[in-house]
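Thanks for making time this morning.

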Amino acid sequence: MPRLGTASVARAIALAACLTAGGGHASAPASAGPTPAAAAPTEANGAENLALTQDPGSRLTLEVMVNGQGPFPFLVDTGSDRTVISRELAATLALPSGPKVLIHESAGVDQVQTVVIDRLAIGARVVSHIVAPALAAKDLGGAGMLGVDALRDLHLVMDFKTMRLSSSPSRAEPLDERTIVVQGRSRFGQLILANSKIHGVTVLVVLDSGSELSVGNPALLRLLTGRSTSVMPRTTTGIITATGRRLTVELDDIAEAQVGGVTIHHMPLAFAQLHTFDRFGLTRQPALLLGMDVLSLCDRVTVDLRRREATFTVN
């Protein structure tokens, strides 16, 4: 999903959404020599506990094994339905070519070459036979990117205080007075939440851990234009998509927003006519992709695609 820069530094925008066959995101190559993956601790409920790190854009990464080799740092992208690998890493690992496929990314539809990953191991979880689009590492910004094809049917807990990711079979999240539960609906594998508001108007939200910044659609921009929600003048910047396309986005700062029941003051927000919104059918109603700039404000965020549910735990 989108990786957006500031007004002075244009960064790449990652793969936005659905692939017609197989897929994922990718990153720069690492050593291809086989090394054993560290055993992941488990919680009392059997959930596997994995260490998270953050890249320079604050996006989350996990160590994964590809065909028994690695580990390699892959970005965790809850906003993409498929997993992608960089062409450089695919070449280093001598992955066999798959068919060419159409991918729906942030700026439009592109035809790209795929490679075949026999086994992708994320801790104890193994996903077999992934047909992954191979894209340039310089446009992706990581050694790979995990989409929801590798994470579906799981209850994911992103703990930003301890920097751990816990995964277990789909289940209800234990609640306390600091935790807000948000129900949503599923579309193309993504979880779309409906209880967020900006300027009192309902905004549909897609959780996008693969994006540095939150991105609003043109319908949201039209809603805010002429209203006193901004605290800074709008500026524009250029971005580059995962397939090398260029887009212009408009940057703003929203005085106050209610996202999943959490009040956010001075919320940074970019606006762009992303193909992602078209793909999800989110063009007429105000909508946004909720990126790491907002998600990481919480102590903990959970995503359960099977239950169509997310929770936000705040101080």
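The secondary structure of this protein comes to 5 helices and 23 strands, where helices (H or I, at least four residues) and strands (E, at least two) are DSSP runs numbered from the N terminus. Please keep in mind that this is a predicted model, in which local features need pLDDT of at least 70 and side-chain atom pairs count only at pLDDT 80 or more, while totals for chains, interfaces and linings use all residues. Residues are numbered from 1 along each chain as its sequence is written, and side-chain values use heavy atoms, with hydrogens and water left out.

Of the 315 residues, 57% count as buried, which is to say under 20% relative accessible area, with exposed meaning over 50% and partly exposed in between, for a 1.4 Å probe and protein chains only. The accessible surface of the protein comes to about 12300 Å², and 53% of that belongs to carbon and sulfur atoms; these areas come from the Shrake-Rupley method with a 1.4 Å probe, and for residues only the protein chains shown count as cover. If we take the contacts (heavy atoms within 4.5 Å) between residues at least 6 apart in sequence, 68% of them join residues at least 24 apart.

Now let me turn to one strand. Why is strand β22, residues 300-304, described as largely enclosed by the rest of the structure? Because 4 of its 5 residues are buried. Strand β22 pairs with β12 in the antiparallel sense over 5 bridges, and two strands pair if DSSP finds at least two bridges between them. In that pairing, V301 of β22 is the bridge partner of M158. Strand β22 also pairs with β23, residues 309-313, again antiparallel and over 5 bridges, with T311 in β23 as the bridge partner of T302. β22 and β23 form a hairpin with 4 residues between them, and R308 in the turn has a positive phi of about 55 degrees.

That brings me to the backbone. Most residues other than glycine have a negative phi, and most peptide bonds are trans. M163, in the loop between β12 (154-159) and β13 (164-169), has a positive phi near 55 degrees. H266, found in strand β20, residues 262-271, likewise has a positive phi of about 55 degrees although it is not a glycine. Finally, a cis peptide bond joins G70 and P71, with omega at about 5 degrees, and P71 is found in strand β6, residues 69-76.
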